[in-house]
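Let's take a walk through this structure together.

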Amino acid sequence: MIKVSGLKKAFNNIEVLKDINFEVNDGETVAIIGPSGSGKSTLLRCLNYLEKPDAGLISIGGVTAETKKVKKSTINRLRMETAMVFQHYNLFKNKTALDNITYPLAASKKAGSEEAVKIGERLLRQVGILDKAKHYPVSLSGGQQQRVGIARALAVDPHALLFDEPTSSLDPEWVGEVLKVISDISKNDKTMIIVTHEMDFAREIADRVIFMADGNIVEEGHPGEVFDDPQNERTRKFLKNYT
Ligand code: ADP
Ligand code: MG
């Protein structure tokens with residue numbers, strides 16, 4: 001499972017995360033929603049130390065990092081427990097779809113090169129673009145590129161998948177196919193945290209919804225609770241803009 005306690009992060013003396021505490025159970029899908037600038041991306045990036053927290057404890061899949069005494073080796077192990085899917089795909093432009101998947105697999109020593117190709121092809125098939133294996137990102141649609149991004153994240157078989165607004169950069173025509181792929185994965189008992197502005201999608205796939213504002217978790221609960229009967233005024237105001 002994932003456990004976060006007392007997580008704090010400031011940029012230029014401005015507190016962006018103010019004492020964040022939450023847990024995610026194994027196999028659970030948690031959606032994080034909230035206004036732009038509320039700290040959602042920073043929170044995800046702190047989970048794998050892409051940003052170093054100022055304080056707090058992060059535990060993922062049995063690896064625990066306490067900010068004050070964290071070692072480089074612990075950060076590396078923590079990173080092996082997660083994989084991130086980014087808003088802007090972040091694919092290697094000079095690598096084919098397949099190589100985008102096999103490269104990190106081999107680099108993390110999670111598979112030898114032949115095995116990596118097998119895993120890569122299996123996952124490209126799973127996300128529906130095995131026929132694009134030899135294509136470079138520039139010749140793929142946004143939806144196809146993001147599906148490569150998702151396959152790449154799955155390839156290292158992480159304890160948890162972290163999605164940061166995976167459909168926000170996509171033209172509307174590609175959003176549905178990417179949400180479908182993520183929805184299918186969520187049925188497979190993967191532990192997932194998804195930052196999204198797709199409220200219908202969050203309601204459909206999340207076991208739990210966390211609403212963030214101003215660096216705080218303001219409210220959390222079952223999608224039915226948060227979306228249909230929000231307790232906090234901030235949550236109500238935020239959700240009004242989506243109906
Ligand atoms: P969200 O993902 O909810 O839109 P972010 O986590 O991206 O919010 O940002 C939260 C706040 O932190 C914003 O005010 C943003 O400008 C600031 N911020 C994020 N990253 C950095 C950074 N690397 N340097 C300085 N400020 C940052
Ligand atoms: Mg963000």
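**A helix across a sheet**

Start with helix 1, which lies across strand 1, strand 2 and strand 4 (55-60) and runs at about 60° to strand 2. Here helices (H or I, at least four residues) and strands (E, at least two) are DSSP runs, numbered from the N terminus. Lying across rests on contacts, meaning C-beta atoms, placed from the backbone, within 7 Å. Axes are lines fitted to C-alpha atoms, for helices over the stretch in contact, and angles run from 0 to 180 degrees between N-to-C directions.

This is a predicted model: local features need pLDDT of at least 70, side-chain atom pairs count only at pLDDT 80 or more, and totals for chains, interfaces and linings use all residues. Residues are numbered from 1 along each chain as its sequence is written, while chains are lettered from A and ligands numbered from 1 in the order in which they are written.

Four strands form an open sheet in the order 2-1-4-5, with antiparallel pairing; two strands pair if DSSP finds at least two bridges between them. At the edges, strand 2 (14-24) and strand 5 (63-66) each pair on one side only. Strand 1 (residues 2-11) and strand 2 share seven bridges, and Lys3 has Glu23 in strand 2 as its bridge partner.

Next, find ligand 1. Its surroundings include Phe11, Val16, Lys40 and Ser41, where near means a C-beta atom, placed from the backbone, within 6 Å. Helix 1 (residues 40-47) gives the largest share of this shell, three residues.

Terms used. Two residues are in contact if their C-beta atoms, placed from the backbone, lie within 7 Å.
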